[in-house]
Amino acid sequence: DKKSVCELVDKSYGRCRMTGTFIDEFYTEFLGCSPLVAEKFKNTDMEQQKRLLDQGIRHLILFFHEPSAITATKMTDLGESHAKSGLDIGPELYELWLSALVNTVAENDPKFDAELDAAWREVANHGISVMLSMHDD
Ligand code: HEM
């Protein structure tokens, strides 16, 4: 059920963070996967962006766990900054993001398996669908 999906992902992220290299490896994978992604980050301070990603992932987990007004507002704020009028992040880039995320989890979490793969996708897609729903507004 929903509670166990959330718990699985939360614990998995804890194991990933313990390796100390998760966020670095995510960005190596994500920036390397397509020139379209690298182009979006060409002027970005990546050290700051790495801290923001950790918060972003924690927020995705929280939003899945507890869809309250507060967690939803933060999700729509993120959707707004990534929308066409702003960073302009389209659906194909979110697919690359999710692949890079799951691949990096697989490399960092020793307990990674098919169940965790599905759980991570479910949690991330819940927030991504909110962000994408605002892309063209
Ligand atoms: C900025 C999270 C997906 C590219 C940010 C920020 C956060 C964040 C927290 C900083 C605050 C803000 O600007 O609103 C997330 C989460 C994602 C996601 C949680 C997925 C669920 C993506 C994707 C791309 C992307 C798919 C595609 C390349 C960027 C860029 C910035 C940014 C270019 C601005 C960097 C700068 O300041 O130079 N993201 N993001 N994001 N994100 Fe995302």
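Here are a few friendly notes on the ligand shell, a helix pair and the nonpolar core of this predicted model.

1. Some ground rules. Residues are numbered from 1 along each chain as its sequence is written. Because the model is predicted, local features need pLDDT of at least 70 and side-chain atom pairs count only at pLDDT 80 or more, while totals for chains, interfaces and linings use all residues.

2. The ligand shell. Of the 21 residues around the ligand, Lys40, Thr44, Gly56, Ser81 and Trp97 come nearest (a residue is near if its C-beta atom, placed from the backbone, lies within 6 Å of the molecule). The shell holds 12 nonpolar residues, eight polar and one charged (Ala, Val, Leu, Ile, Met, Phe, Trp, Tyr, Cys and Pro count as nonpolar, Asp, Glu, Lys and Arg as charged, and the others, Gly among them, as polar). Helix H4 (46–65) is one of the helices supplying at least two shell residues, and its share of five is the largest.

3. H1 against H7. The axes of helix H1 (residues 2–18) and H7 come within 9 Å and cross at roughly 100° (axes are lines fitted to C-alpha atoms over the stretch in contact, with angles from 0 to 180 degrees between N-to-C directions). The two helices are therefore roughly perpendicular (65 to 115 degrees).

4. The core. Leu60, Ile61, Trp120 and Val123 touch the most other members of the 24-residue largest nonpolar core (buried Ala, Val, Leu, Ile, Met, Phe, Trp, Tyr and Cys residues joined through C-beta atoms within 7 Å; buried means 20 or more other C-beta atoms within 10 Å of a residue's own). H7 gives the largest share of this core, seven residues.

Conventions:
Helix = DSSP H or I, 4+ residues; strand = E, 2+ residues; numbered from the N terminus. Parallel < 35°, antiparallel > 145°, perpendicular 65-115°, else oblique. Buried ≥ 20, exposed ≤ 12 C-beta atoms within 10 Å, placed from the backbone.
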